[in-house]
Amino acid sequence: MAGTALSPGEGASVRVQDVTLPDGEFGKVLVRAGERRTVPVSPDIVVVLRRWIDQAGLEAEDLLFPAKRGGSLAVSEYKRVWRQARQAVLSPDEMGAGLGEQVSSLRDSCLDRWLWAGVPAWGVAEWAGVSASWIALRYPHRFRLEDIEIDWDHLEEILRLPDIPKQ
């Protein structure tokens, strides 16, 4: 879910039939919660998800991330696993500083990485199911003018006034 910027509720509702996992390529996940949208899945995550589906013996209509006893994954269960994962990988100082304290940190991190990779804000917004203005307000550090390379010659060319006859 971290690599697709899904919220816990969205991730908990994904079924195996909602993911397309081609070999060695980007896959996709159809998010049905809220406004339907398609989100890319990196080739590395495709491999992990294929392995998970095989090992868990999941069928097309099954939830991709079921609860221990089947059915939908409860938010409390998701948060419990998130706390365990943080404790397993973070140092005491990082834990004390609150790094990744919220489950939403996974989604935030993914959205930020997409922006850093050069995906336009409107594309990130579409994948995340939010507005481009929300993206700009949430991640202003990705929109600093000094970080953008401007092709001044091209800008001059497209802003050039048409030739006006002299009279």
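Biologist: Is the crossing of helices α5 and α6 left-handed or right-handed?

Modeller: Happy to look at that with you, bearing in mind that this is a predicted model. Helix α5 covers residues 104-116 and helix α6 covers residues 121-128, and their axes come within 9 Å. Their crossing is right-handed.

Biologist: How are α5 and α6 oriented to each other?

Modeller: Start with the angle: the two axes cross at roughly 150 degrees. Angles over 145 degrees count as roughly antiparallel. The helices α5 and α6 are therefore roughly antiparallel.

Biologist: Which residues in α6 are met by α5, and what classes are in this contact?

Modeller: On the α5 side, the residues are R107, L111, W114 and L115. Their partners in α6 are A121, V124, W127 and A128. By class, the residues of this contact are seven nonpolar, no polar and one charged.

Biologist: What is the volume of the largest pocket, and which residues are closest to its centre?

Modeller: The largest pocket has a volume of about 430 Å³. It is lined by 15 residues, and the closest to its centre are M1, F65, L73, Y78 and V81.

Technical notes
Residues numbered from 1 in each chain as written. Predicted model: local features only at pLDDT ≥ 70, side-chain atom pairs only at ≥ 80, totals over all residues. Heavy atoms only, no water. Axes fitted to C-alpha atoms, helices over the stretch in contact; angles between N-to-C directions. Helix = DSSP H or I, 4+ residues; strand = E, 2+ residues; numbered from the N terminus. Parallel < 35°, antiparallel > 145°, perpendicular 65-115°, else oblique. Left-handed = near helix turned anticlockwise from the far one by under 90°. Contact = heavy atoms within 4.5 Å. Nonpolar A, V, L, I, M, F, W, Y, C, P; charged D, E, K, R; others polar. 1 Å grid on protein atoms, 1.4 Å probe; cavity = no way out; pocket = protein on both sides within 12 Å on 5 of 7 lines; lining within 4 Å. Points joined across faces, edges and corners; volume = space filled by probe spheres on them.
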